[in-house]
Amino acid sequence: MGRAAHPFGPGTQAPVYPPAVSKTVPAPPGLEWETPLYEQASMQLEHALELAEVPDFVANRLRHPERAVILTLPVRMDDGTYRSFPAYRVQHSTVLGPTKGGIRYDDAVDLGECAALAMWMTWKCALLRLPYGGAKGGVRCNPRTLSTAEVARITRRFTAELAPFIGPQRDIAAPDMATNEQTMAWMMDTYSMQRGYAVPEIVTGKPISIGGSVFRHEATGAGVVMVVEYACRRLGRELAGQHCVVQGFGNVGGIAASELHAKGATVVAVSDLSGGVYAEDGLDIPALHEHVAEHGSLDGYEAGTERLTNAELLELPCDVLVLAAREDQVTSANADNLRCGLLVEGANGPTSVEADAILASRGIQVLPDVLTNAGGVTVSYFEWVQDLGRLFWDREEIRRRLADKMSDAFDRVWNLAHERGISLRDAALVAGIHEVSAALEARGIYP
Ligand code: NAD
C-alpha cells in the first residue's frame with residue numbers, strides 16, 4: 001500500500017483548528033496531595049478566585065504546588081535499631097521569590113497537610129508583601145516518644161536529603177509544631193557542613209548566637225495580639241478588659257496569652273494537649289509558663305483553677321477565642337456551640353469551610369490565619385535580610401517594623417472586606433492572590 005499523501009503537503013489547505021480556548025484545563029482529579037486539609041485550602045482558594053478576577057492561567061498555576069518532595073528517612077534509634085520516617089517538603093509558588101515555610105514534627109504529617117499549609121503560606125507572604133512564596137515540610141513522627149539525640153539525627157538526615165531542593169535563594173525553613181530554635185540550629189549546621197562554610201540564612205527562627213533574630217521567638221504570638229488589638233479598635237472596644245480564651249500553649253498560644261495578659265486583657269482559660277485550665281477572674285499567665293517550663297505541660301497546675309477538656313474550652317463564653325494549637329479545631333460539629341465574640345486564628349487552618357459559614361451566619365467575626373499569624377514569617381523575613389546583610393536590629397526596631405507591616409496588612413484586609421462586603425478571610429486571600437497574580441502576569445509562563 002502506498003503512503004498516504006501528507007495532509008499538510010503542497011497544495012493542501014491548512015487545517016482549521018478550533019478557536020483557542022480561554023480556559024486552560026485544570027489538572028486531573030485524584031492527585032497525591034488531595035487530602036481533606038488540602039481540599040479545605042482549595043475550597044477557600046476557589047471561593048477567593050471568584051472574587052479576585054485573575055486570568056485563568058494565573059488561577060490554574062496557583063491551584064497546585066510547584067514541587068513536592070517525598071522522602072523516607074532511615075534513622076538510627078538510641079537502642080541501635082533503625083527506623084524509617086516519612087518526610088515531606090512542598091513548595092507551592094516561586095513567583096515572588098524563594099519559598100518559605102515551617103517544618104513540623106507530628107504523627108499526622110502527610111503530603112496533603114504540607115501542600116495545604118504551603119499554599120496558605122503563599123497567600124500570607126504575598127499579603128504581607130514579603131518577597132517569598134509558600135512552602136511547608138515535616139517528618140511524620142511522634143516527637144514525644146523520641147530522645148533529643150534521635151530528633152537531632154532525624155533533623156540532620158532530613159536536611160541532608162533536602163539539600164538539593166533548599167537554599168537561601170531557593171527555600172528557607174523555619175520552626176513549626178514541635179520544632180524550635182534547636183531544630184533550626186541542627187538544620188543550619190548540617191546544611192553549612194555540606195557547603196563548607198556557615199550559611200545562617202538557610203533557616204530562620206534559629207538561636208541568636210548563630211544569627212537568629214532577637215524577636216523571632218515572640219513574633220507570631222505578638223503579631224496575633226497586634227491584629228486582635230487593631231480589630232478591637234475598629235469595633236470600638238479596648239483590648240484591656242476583654243475576656244480571652246487561648247487554645248494551645250506552645251510558641252504561638254503561650255506568647256499570645258502573655259501578650260494579652262501584659263496588655264490588660266483577662267485570660268480566663270488556656271489549654272494544651274493535656275487539657276485546659278480555667279479561672280473566672282483570670283489566670284496567672286507567668287505562673288503557668290513557669291509550670292510548663294518545669295513540668296513540660298499544663299498537667300498538674302492547680303492554684304485555684306478548674307480543669308476542663310479542650311472541647312469544653314472552645315465553648316466557653318468569651319470576647320476573644322484564640323486558636324493556637326493546630327488545624328481543624330472548629331468544624332460543623334462544634335461551630336454552633338461557640339460563644340466567643342471574635343475568633344482569632346493563631347494556628348493555620350483551625351476553622352473548616354463549613355464552620356466558617358456557620359460562624360458567619362451567627363455574626364462571629366473570624367480573624368483569618370493568613371493575616372493573623374503572619375508575624376512569624378514577617379520577622380523571619382527580617383532575620384533572613386539581616387543574615388544576608390550581616391547586620392542586626394534590636395528588639396524595639398524589629399517590633400516597630402513588625403507593627404508597621406501587620407497594621408498595613410490589617411488595614412488593607414479590613415478595608416477591602418468592608419468595601420466589597422466580603423469576609424475578612426476572603427479579603428485576605430483576594431489581597432494575597434492579587435499580589436501573586438500581578439507578578440505572574442508580569443513574568444508570564446516560561447518558556
Ligand atoms: P507548638 O508545638 O509550639 O505548640 C502547640 C501547642 O498546642 C502545644 O501547647 C500543644 O500541646 C497544643 N496542642 C496540640 N494539639 C492540641 C489540641 N488538639 N488541643 C489543644 N492543644 C493542643 O506549635 P506552634 O509553633 O505554637 O504552632 C501552633 C500553630 O500555629 C500551628 O498551626 C502552626 O502551624 C501555627 N503557626 C506557628 C508559627 C510559629 O512561628 N511557630 C507561625 C505561624 C503559624
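Mentor: Let's begin with Ala428, which counts as buried because its relative accessibility is 0%; buried means under 20% relative accessible area, exposed over 50% and partly exposed in between, with a 1.4 Å probe and protein chains only. A word on the source: this is a predicted model, in which local features need pLDDT of at least 70, side-chain atom pairs count only at pLDDT 80 or more, and totals for chains, interfaces and linings use all residues. Residues are numbered from 1 along each chain as its sequence is written, and side-chain values use heavy atoms, with hydrogens and water left out.

Ala428 sits in helix 14, residues 424-443 (helices are DSSP runs of H or I with at least four residues, strands are E runs of at least two, and both are numbered from the N terminus). Leaving out residues up to four places away in sequence, Ala428 touches Leu127, Pro368, Val370 and Val413; contact means heavy atoms within 4.5 Å. Ala409 is 19 residues away along the chain, and its C-alpha atom is 8.5 Å from that of Ala428.

Glu345 belongs to strand 11, residues 339-345. Is Glu345 buried or exposed? With 0% relative accessibility, Glu345 counts as buried. A polar atom of the Glu345 side chain lies 2.8 Å from the backbone nitrogen of Asp369. That is a polar contact: a pair of N or O atoms within 3.5 Å, where, within protein, one must be able to donate a hydrogen and the other to accept it, and residues adjacent in sequence count only if both atoms are side-chain atoms.

The chain has a mean pLDDT of 93, and 94% of its residues reach 70 or more; pLDDT is the predictor's confidence in each residue, from 0 to 100. Residues 1-22 are another matter: their pLDDT is below 50, and this stretch has 4 contacts in the model beyond near neighbours in sequence. Where pLDDT is low, the predicted coordinates should not be read in detail.
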